[in-house]
Amino acid sequence: MALRGVWQLQKLVVNFCDWGGSSRGIRAFMESHLPALKEKNPQLEVVTQLVRGQHPNLKGIYKNHNERVVCVRNLAPEDIMLQASRLRCSLGRKVVKLRTRHVTKRPSVQGTWTTELKM
């Protein structure tokens with residue numbers, strides 16, 4: 001995704017095995033979908049790495065130095081393309097879990113509302 005006009009995904013690393021059965025989908029993806037992905041995204045550096053004996057994965061490296069790794073074991077080439085586009089469209093920020101459902105800068109002086117309050 002672009003933040004202020006700058007794409008945040010800097011590098012996409014494709015790790016695969018050349019003989020493993022779980023890498024069958026990613027090998028087909030590299031033949032059919034990867035050249036089109038490279039051509040549509042000239043700002044993106046795409047690197048393929050041969051890692052024998054490991055399950056395939058996609059690693060996204062973002063401009064803010066965060067990394068996101070997605071396992072694509074036994075997935076079809078279309079599903080791998082979907083995961084690659086999700087990596088491209090994300091900002092690379094860490095997921096932050098909110099403590100409460102309601103976030104405000106000025107909490108109520110009267111306290112939080114509950115259903116147990118009677119009038």
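1. The core. The largest nonpolar core of this predicted model holds 17 residues, and those with the most contacts inside it are Leu12, Ile26 and Leu58. Strand β3 gives the most, with 4 residues. As a general background to this point, nonpolar side chains in soluble globular proteins tend to be buried together.

2. Leu12 is placed in strand β3, and it counts as buried because its relative accessibility is 1%, where the cut-off for buried is under 20%. When neighbours within four places in sequence are left aside, Leu12 is in contact with Leu37, Leu44, Glu45, Val46, Val47, Leu58, Lys59, Ala84 and Leu87. Among these partners is Leu58, which is listed beside Leu12 and Ile26 as one of the residues with the most contacts inside the core. For a sense of distance, Leu12 and Leu34 are 22 residues apart in sequence, while their C-alpha atoms are 11 Å apart in space.

3. The two sides of α1. Which residues of α1 are buried? They are Gly25, Ile26 and Phe29, and because they cover an arc of only 95° around the axis, they are placed on the same side of α1. An α-helix has 3.6 residues a turn, so residues three or four places apart point the same way. Arg24 and Glu31, by contrast, are exposed on the other side of α1.

4. The largest pocket. The space in the largest pocket comes to about 230 Å³. Its lining is made up of Thr100, Arg101, His102, Thr104, Pro107, Ser108, Gly111 and Thr112. Sorted by class, the lining has 1 nonpolar, 6 polar and 1 charged residues.

5. Thr114. Thr114 is found in the segment after α3. Its relative accessible area is 33%, and Thr114 is therefore partly exposed, since that class lies between the 20% and 50% cut-offs. The C-alpha atoms of Thr114 and Lys94 are separated by 32 Å, with the two residues 20 places apart along the chain.

6. Positive phi in two loops. Most residues other than glycine have a negative phi, and two residues of the model deserve a mention here. Arg4, although not a glycine, has a positive phi of about 55°; Arg4 sits in the loop between β1 (2-3) and β2 (6-7), and it counts as exposed because its relative accessibility is 78%, over the 50% cut-off. His65, likewise a residue other than glycine, has a positive phi near 65°. The place of His65 is the loop between β5 and β6 (67-71), where His65 is exposed, with a relative accessible area of 72%.

Conventions
Residues are numbered from 1 along each chain as its sequence is written. This is a predicted model: local features need pLDDT of at least 70, side-chain atom pairs count only at pLDDT 80 or more; totals for chains, interfaces and linings use all residues. Side-chain values use heavy atoms; hydrogens and water are left out. A nonpolar core is a set of buried Ala, Val, Leu, Ile, Met, Phe, Trp, Tyr and Cys residues joined through side-chain atoms within 4.5 Å. Buried means under 20% relative accessible area, exposed over 50%, partly exposed in between (1.4 Å probe, protein chains only). Contact means heavy atoms within 4.5 Å. On a 1 Å grid over the protein atoms alone, a cavity is a set of points where a 1.4 Å probe fits but cannot get out, and a pocket is an open set with protein on both sides within 12 Å along at least five of seven lines; lining residues have an atom within 4 Å of a point. Grid points are joined across faces, edges and corners, and a volume is the space filled by probe spheres set on the points. Ala, Val, Leu, Ile, Met, Phe, Trp, Tyr, Cys and Pro count as nonpolar, Asp, Glu, Lys and Arg as charged, and the others, Gly among them, as polar. The arc is that of the directions from the helix axis to the C-beta atoms.
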